[in-house]
Each structure stands twice: as structure tokens, then as C-alpha cells.
Amino acid sequence: MPFDPILAEIRFGCGRAPALAAPAGPEAMLAGLSAPDAMAGRFPIEPFETFLDRMAWRTEKVKERRKARGTPDFEAIRKELQVQNRIARQDHWRWMAAHLLRRTYSETPFRERLEGFWADHFTATGKRGLIRRATSPYTESAIRPHLAGRFEALLFEAVTHPLMVHYLDQERSVGPNSERAQRANGKVGLNENLAREILELHTLGVDGPYTQTDVRELAELLTGLTLHPRVGRHFKRDLAEPGAETVLGKSYGGDAPHIRDIKAVLRDLARHPATARHLAWKLAVHFVSDQPDPALIAAMETAYLDSKGDLSRVYAALLYHPAAWATDAPNVKLPFEFMSSACRALAIPPEVLLGYNERQFLVRVYEPLRLMGHIWQRPNGPDGLDEADSAWITPQGLSARLQWAVTVPRQLQPDLPDPRDFVETALGPRAPDAVRFAARAAETRSDGVGLVLASPAFQRM
Amino acid sequence: MLNRRAFLTRSALVGCSLAASPLVTPVTFAATPGDHRLVVILLRGGMDGLAALAPYGDPGFAALRPDVQIGGDGHVDLDGFHALHPALRPLLPLWREGHLAAAHAVSTPYRDKRSHFDGQDILEAGIADLSNGLTRDGWLNRMLQHMPGAGTQTAYAVGSDALSILAGSAPVGRWTPEADLALSPQALNLAEMVMRDDPAMAAALAEAYQLADSDGDALAVGGGQAEMMAMMREDMRASRQPGAETRLAEFVAARLKEEARVAAFSINGWDTHNDQARGLGRALSRLSDTLLTLQAELPGPVWQRTVVVAMTEFGRTARMNGTRGTDHGTGGAMLLAGGAMRGGRVHADWPGLAESDLYARRDLMPTRDVRAHAGWLIRGMFGLEAGVIERDIFPGLSLGTDPGLLA
């Protein structure tokens, strides 16, 4: 199958939009990745560097509160902390709305889809307190700027990021023979969590050529990497295991531990053939089909190896390959892709969504998404969302999609389109007769629009 | 806000009852396969068996787990060797009645890489390793394929995760109680029509209609947009309240009182790398609440025929780590509850806790395959032949001697 502009919008973009043109070809889609980031300016999300100020402020306030115990100031400080929590919670919703609106209005929607893919590949979230709100700022700072460069840059930014360091327990990991461990008399020690996930999920893949020994050595090499509430990414030498570590047969580091050693091992892992295979397979499964054509995977893998992990070359191999345009076994949209492509087809006015209070947002966006099977920024584990369609097309998941499609669009778009026109907007000339019929036969506009959105033609990509 | 009861009355008046509607394929109530009920609870994240069920009688235990106290507010002695985590204290009456048992030093055949995802895949697939890739079906589904009379209502995957343990060619119901549908009769009809040519979606939708119609409130509503929104809000309010697992257990109990014989769901929160004392207590309390809810909701005679198996992908390190938690390990424990159990005992070929007894000098040594215990249970409950279990349900398993789990 050759390039198809409508399929390009649906499969590699965020769906069709009434006022936005389909891409002219793969070249234009790739060029979009280096175009100015208009959406980040129009629907801003706080960069992590700014979010850190909140964390630093909180650390200070908590200290103040401790000192103020039993004094009249205590209550005022407690209030201030509460207010900060509330603001962060509201910002968390607003950022979710910004992600939706970027997908609704972007003229470079492949960027949004890639951000979704890599944010999920590098799933990280805060586990308690304020940092639970940090996922969007992390994505904005560590993922979004690195979508089309070398994988090793993205890998380093993501896995050494303070949020990942926190999520995978690296902040607590201490070299067994480090200065800190000696001072603490055995009360602290190594935690293998981040090392294991780097090998299993982020680079080589679970079938990759590594052993428990590699996990442990990498964990020892990672010691020293921690997070600091004021500066973020931080390397503390007194936590680091002294001496060299051997990962996949190569020795890293020495007597003067440095974050350079971590960068070096990550670069080698990024350039490993197993990583090329793993990432090519995962991208193909994500964008094309649960059973992608092996020739497509091979082409992407080759592009990856030839370019030392230049992601834009891998995307080019994907978009120029005929198997990427096959329509025999299309994927089902993930819940957020489903919801955002509906917002895009409806061209929902930003002010409606941004004007919601927390409860309205919860009922119309967050909770329906959860029932579809995706708990926003609360992953089940560091492996993120399931790629298999069967995980999403369940009675419950489908029921949640159908109910949302019929009920909520009218809240998001007060000027709901005529369902007969909406079929064309959303699906174009590919619309099946049954969907056209349902759009005509529905009793109300909301039912008609909802049935178009719930149709397999819209839910598949 | 419209409450659910008022809404029900209203929709009964103005809506159409779907049970009597030609929209829905009539449910086939096949002859039910026997009278036993099996509930499998997957404890995702790796439960620390040495903390849940502390083998304090082992001379090596105190050194590995210096924080565990027996008696007082701490662990509760069961049999002079094992002690139950304080968060499981509400289960003591079950233990005394012989409705609670455990197996210790057990694991799947999974070794060494200690990945949650592989560990759970192997646990749910029921296979020995991943060298030949993952099966596309789960062992509970393969079991259903060998149960004569198993129909669409026989087994339920409950909750919002994938539950590959029940994936496969035998039909399985999937639902979470807070999901719901409330649409106009015509919209329901048209939705069926647009999905007709997509087999996966058509099948999921048909099942959704049945479940949404059977879980206490009507599926087809006549009232329009406002009522639909009110119903969505109501469902979501309930889902935000604590005790989500209890709601799952209530739903499971309701199905088991009807045609269902098999159900599975998950309880998460066992990956206690840090400050285990807090996180593990919370997770165990949820497990305890879930088991007690099942017992409370099932009528006596049904509970007498029920077995609840709580299993996890692996145990955790024998020693505490540097952050007052435990890392991914190997051998662990499984909990078994239900009136059909011969309870009040811990089944184990105890390997010991001296460093040389540990697996890779770090984890509790597994001395029995969790699949063997599960195999003996389903053999006893559903009359499956040993050969079928060892060949089809748990390929390559050797059942070994009968541990005598059932009453």
C-alpha cells in the first residue's frame, strides 16, 4: 500500500480535523518534527525546571512547619501547604486538558503521537505527595524536546530524570561499599529497580542478552545518581559504589565515580542491536498493527543501526515502508487516542475544556478514560500501557467508549455538528455504509455523533 | 442528583427492558459444570511471603527479619512455626474454622530475571518458561476448555486490567461493576449495527449489553441526556470511594451465586521496595477485606463449595534491602481460603533459611510449583484428569504427590 493522506491523519496523526489539512506525504510529516512547536506555546505545560521550584518551596515549608510545631505560626504554614497541594492538583487537570487540546489543534500531530509513545515507553510517575503531579512537566522537559534526535539522548534524559529516579527507587539506592553505606553501618543499600527496567523495558528488551549479574552491576554503576529537590538531577559521589562495574562484558567507571560513566553505559545500551530490534518492533506494533510485517521491523532496525539510533531516520523507514500503510489488521486506538481524536474531529473550543472546574473535568474526561482502561498518569507499572488490542476491546472498555461518545461530546462542543456531515469530517470517503446509515437514523444529534465515534471505522487506526 | 433507585423505577416505567428486547441475543444457560467455585486473585507486584506468613520458627528467620515481632500488636502465631501478618488478623476466624490455608516456599517455574511482567505472564499463562514465547491463552481459560457445559456465563474476568489468565478461546465474561451503559433503545440498536462487521467489537458489545443489563440498573433509558449524565456521575462517585476491591468481590459473589463457577481479578500494591511495613500492611488489609467480603456475600452452601486462591508472580528477597523494603525474589507464599478448603494448615516442604538454603543465596528456595497446588485444586474441584492438567492446562507440570488441600 502506498502513502494515503487520510490514513496518515488517522494512523500517524491525531485523527481528522474539519479545519486542518492532511499531510502531503511522509516528508512533510517528518519535517513537522523539526517545525517550531506551536502547540507548546498555545497550550502550555509547566517545564519540570519550574515544577522543581514547587518541590523546593515545599521542602522549605515542611521544615518551617516542623520548627513551628506548638507555635501560632503552625496553622498558617499548614494552610499554605494545603493551598499549594490544591493548586498542583488543579494544574494537573489543566495539563491533561493541554495534552488533549494540543492533539485537537496540532498541525504537526505526528509529534503529539510520538510524545505519547515515548512518554509511555519511559513511563514514570510520582509515588507520593506533590511529585505525583510531575508527570506532564517531566514529559514536557525530558521527552518532548528529544523525540527526533538520537535515542541515546532521549534515554539519558528520561532514565536519569528526577521523576524516573524517584519512580524506580533510584533515589534510595546506595552502593554497598560507598562512603554513605560505611557511615550508615549497613542500614542502606542497593536497589536494582531502575537498572532492571533500563535493560528490560527501555533498551535491550526482556529477551535481550543480559543476566542478573548485568542487572546488579548496572545497579552499582547507577549508584550516586539521585534527585535533589532544588537542582533536580544530581550525582552524589558518596552514594556511589567505588570501582569499575562490568555490564554486558564491558567495564565502566573506576575510582572516581562520575555521571559520565552512566552516560557511557547508556550510550552503549542505546546502540546495542537488541535495542534496535526492540524499539523497531515496539514502534511498529504501536503505530501499525499488533502483528506488524517483519519486513517493516527489519527496515526500521536497519535504519536504527545505520544511523546509530537517529530516531528521525527510524521514523522515515516506517513512513516510507509500504507495510506501514497496510489496512488488513489495523490497531485499535488507545483510550486517550480515541478521546483526543474525537475532540479533534469535533474541533472542541478550548475555552470550554479549560473553563471546567475539577469535578466537571473528572466526570467528563478523567473518569471515562479510566473506565476505558487508562488511568491517566497512574500506570500499573513501568511497562506502561498494553499494546495489545485485546486489552482494550473488552465489554467494559467498549461500553465506556460508547457511553462517552454519546454523552460527552455535546458538553465539549455546544455547537454539535449534523451527524450526516460529521461522518465525512471524521472518516472521509472511507466511511462504511452502516455508519452513514446510523448517522442518518439516530434520533438525536448526540446519538448520531456518538455512533460515528463509537464505530469501528473511527475506533481503529 | 438522581439516585439510582429512583432512576431504576423511572427507567422501568419509560424505558424498555432489555431482557425482553430482541436487541440482545438470548443468553444460553448451559448446564453448569459442577458445583464448585474457584476464584483466583492475582497479587500483582510480588507479595513478600516471608512477611505475610512469617516462618518465625526457623532459626534463621530473626536475623533476616529483625523487625518482625510475634505476639502483641505484631504477627499472630498460627501453629508454633508460622505467624500471620498483623494486617491479616481479621482472617483468624477463617483459620480456626478450617477455611483458610496457605502454601509456603512455592513459586512458578520462573527464575532469575525477576521481572514483574514476565513473572505475571508466566503465572497467568501457566507455562514453565518463555523460551518458546508466551502462550496466547491463560491457564484458567484452558481449564474452561476442558469443562463440559462451560458457557458464556461460566467465567468472569473482573476489574479493569487485562487478566490474561482468562484469555483464550473459551468465552469469558469481562466486567467491572462501575462500568455501565445507559442509552436510548434505538442508539443501542444502531451501535450493534455499526459494529456488526467487526467481530471483536461486536462480541465485546454484545457482552457489555448483557452485563450492563444485569448489574442492577437498566441499560435502555428513555429519559435522554440529563439522565445519562446523572447515571455516569453516580457510577463514578462510587468508583472513587475506597474499597474498590470489595466492590469487585461483591460483583464476583453475585456472579458466583448465579451461573458463574470461575472468576479472576487482581489486587495491586505488593511491590514493596521501600518502607515495606506501611505498603504491605495496606495491601494485606485489602486482601483480607476481599476474602471476608466473598465469605459474607456467598450463601453458606455456596461458600462451602468455594476455593479462593491468592497467588503472586514471585516472592521477595529473604533479607531486607537498604531501604527497609525487599527486592524481587523467588519463593513465596500463596493463600487459600474457602469453605471447600481443608484449612488451618500451612503446606510446605520447608527449605530452611540458612544462607546456603536460600535460592542464589538471596531468596526463599521454592520447593513446590504453585501450578501443582492449583492443579490439585482443579482436579479435586472440577474432576479434571491428571493427564489433562499436566499436558494442556499446565504444560510440562508434574503434579507430584497430593497435598490434600481440599476438605
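# A walk through a two-chain model

Let's start with helix α24 of chain A, residues 445–454: nine of its ten residues are buried, so the rest of the structure largely encloses this helix. Buried here means under 20% relative accessible area, exposed means over 50%, and partly exposed is in between, using a 1.4 Å probe on protein chains only. Helices (H or I, at least four residues) and strands (E, at least two) are DSSP runs, numbered from the N terminus. The buried residues of α24(A) are A:S446, A:D447, A:G448, A:V449, A:G450, A:L451, A:V452, A:L453 and A:A454.

Before going on, a word about the model. It is predicted, so to speak of a local feature takes a pLDDT of at least 70, and side-chain atom pairs count only at pLDDT 80 or more, while totals for chains, interfaces and linings use all residues. Residues are numbered from 1 along each chain as its sequence is written, chains are lettered from A and ligands numbered from 1 in the order in which they are written, and side-chain values use heavy atoms, with hydrogens and water left out.

Now for the nonpolar core, meaning a set of buried Ala, Val, Leu, Ile, Met, Phe, Trp, Tyr and Cys residues joined through side-chain atoms within 4.5 Å. The largest one has 201 residues, and A:F12, A:W118, A:F122, A:F151, A:L353 and B:I41 touch the most other members. Helix α5 of chain A (residues 73–105) gives the largest share of this core, nine residues. There is also a second, separate core of 44 residues, with B:L42, B:A101, B:I389 and B:L397 among them.

What does A:F122 touch? Contact means heavy atoms within 4.5 Å. Not counting residues up to four places away in sequence, A:F122 touches A:Y138, A:I143, A:F151, A:L154, A:L155, A:A158, A:V159, A:M164 and A:H202.

Helix α5 of chain A is also the place of A:L101, which counts as buried at 0% relative accessibility. Leave aside its neighbours within four places in sequence, and A:L101 is in contact with A:M39, A:F43, A:I348, A:P350, A:L353 and A:L354. A:L101 and A:Y304 are 203 residues apart in sequence and 32 Å apart in space, C-alpha to C-alpha.

Over in helix α22 of chain A (residues 419–427) you'll find A:T425. A:T425 and A:G15 are 410 residues apart in sequence, and their C-alpha atoms are 9.9 Å apart in space. Setting aside residues up to four places away in sequence, A:T425 touches A:R16, A:P18 and A:A345.

On to chain B, which has 14 helices and twelve strands. Of its 407 residues, 60% are buried. Take the contacts in chain B between residues at least 6 apart in sequence: 74% of them join residues at least 24 apart.

Which residues of helix α14 (386–393) of chain B are buried? They are B:V388, B:I389 and B:I393. These cover an arc of only 100° around the axis, so they sit on the same side of α14(B); the arc is that of the directions from the helix axis to the C-beta atoms. Their cover includes α5 (116–125), α6 (139–145) and α13 (370–382) of chain B.

B:G322 counts as buried, at 10% relative accessibility.

A couple of loop residues have a positive phi without being glycine. A:D169 has a phi near 65° and is found in the loop between α9 (162–167) and α10 (179–184) of chain A. B:D275 has a phi of about 40° and lies in the loop between β8 (262–268) and α11 (276–297) of chain B. Are they buried or exposed? A:D169 counts as buried at 4% relative accessibility, whereas B:D275 is partly exposed, with a relative accessible area of 23%.
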